[in-house]
Amino acid sequence: MLPWKRVLRPLTALLLTAAVALVPAATAHADSAPNSGWNDYSCKPSAAHPRPVVLVHGTLGNSVDNWLGLAPYLEHRGYCVFSLDYGQLSGVPFFYGLGPIDKSAEQLQVFVDKVLAATGATKADLVGHSQGGMMPRYYLKFLGGAGKVNALVGIAPNNHGTTLSGLTNLLPYFPGAEDLLSTATPGLADQVVGSAFMAKLNAGGDTVAGVHYTVIATQHDEVVTPYRTAFLSGSDVHNVLLQDLCPLDLSEHVAIGLIDRIAFHEVTNALDPAHATRTTCASVFS
């Protein structure tokens, strides 16, 4: 084994250990998440909110921990809310979103069908954080999802590949590193700027007809870099920079999806634009 491989593998383990400290370990799967709307398959969408909302977690996230803030926020506003786990690697518990993204999109396809069948709705709305705001675009573009989805709201989504604050630029200096990354954690390799997956996803345009797209980004994002690569181009796209709504908001990549009620308020505006209200710093109290 090359010396750098001896360093890379313990480093990967160290990063996963750090993630445990930053994100509470999952103690339950989606089906036992706090509900009365969150993964409650008896929930029927109301006239005010006629579509179920499917929450799609990010890399290293899961269906519970990623949504302890946003799921109750939406539930308390009358939405039927559901979340799934996707992209699990064999032998890696709790942390999802590491498998090949095209396969994760297939899991999302199955889950959306399940939610639509249970709720009786004809379309769902998708809200995703990080990879979860980008991966559904594959479902929409290549797996027929556009006919089953009204809106996709991405919170700090990695839509065009990331440099990870410049770290991915170092990969060519470590022979075999890119191959090892692709083999061990394909869900990460797919998200690197210039990857074959990103080229396929964005070829021919960022969006598909019939779906409303919203992107909520933060200028303090240290994971999706440069942060403006989160934004989409298209005729039915609303790109939002969090600091344009509240200059005092310091949320970075994790906080914007987990705890930021200013971002959450903008999510509800995207889900119900007919009743949207202005998002400001005061939205943290809404």
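The tour below goes through aromatic rings, charges over rings, and then a serine in a loop.

A bit of housekeeping: this is a predicted model, with local features needing pLDDT of at least 70 and side-chain atom pairs counting only at pLDDT 80 or more, while totals for chains, interfaces and linings use all residues. Residues are numbered from 1 along each chain as its sequence is written, and side-chain values use heavy atoms, leaving out hydrogens and water.

**Stop one: the rings**

Rings of Phe, Tyr and Trp (its six-membered ring) pair if their centres lie within 6.5 Å; planes under 30 degrees apart count as stacked, over 60 as edge-to-face and the rest as tilted. That rule gives four aromatic pairs. Select Tyr 138 and Phe 142 to see a tilted pair, 4.7 Å centre to centre with 45° between the planes. Both belong to helix 4 (residues 131-142), and because they are four residues apart there, about one helical turn separates them. Helices here are DSSP runs (H or I, at least four residues), numbered from the N terminus.

Is Tyr 138 buried or exposed? Tyr 138 has 8% relative accessibility, so it counts as buried, whereas Phe 142, at 35%, counts as partly exposed. The cut-offs: buried is under 20% relative accessible area, exposed is over 50%, and partly exposed is in between (1.4 Å probe, protein chains only).

With Tyr 138 it makes a stacked pair, 5.6 Å centre to centre and 20° between the planes. This one links distant parts of the chain: Tyr 138 is in helix 4 and Phe 197 in helix 7 (residues 196-202), 59 residues apart. Tyr 138 and Phe 197 are both buried. Keep Tyr 138, Phe 142 and Phe 197 on screen together, and you have a cluster linked by ring pairs.

**Stop two: charges over rings**

Next, pick Lys 200, which lies over the face of Phe 142, 5.0 Å from the ring centre. The test is NZ of Lys or CZ of Arg within 6 Å of the ring centre and within 35 degrees of the ring normal. For another case, jump to Arg 77, over the face of Tyr 73 at 3.6 Å from the ring centre.

**Stop three: Ser 195**

Finally, select Ser 195, in the loop between helix 6 (186-189) and helix 7. Ser 195 counts as buried because its relative accessibility is 13%. What does its side chain reach? The backbone oxygen of Asp 190 at 2.7 Å, and the backbone nitrogen of Met 198 at 3.1 Å.

Methods
Helices (H or I, at least four residues) and strands (E, at least two) are DSSP runs, numbered from the N terminus. A polar contact is a pair of N or O atoms within 3.5 Å; within protein, one must be able to donate a hydrogen and the other to accept it, and residues adjacent in sequence count only if both atoms are side-chain atoms.
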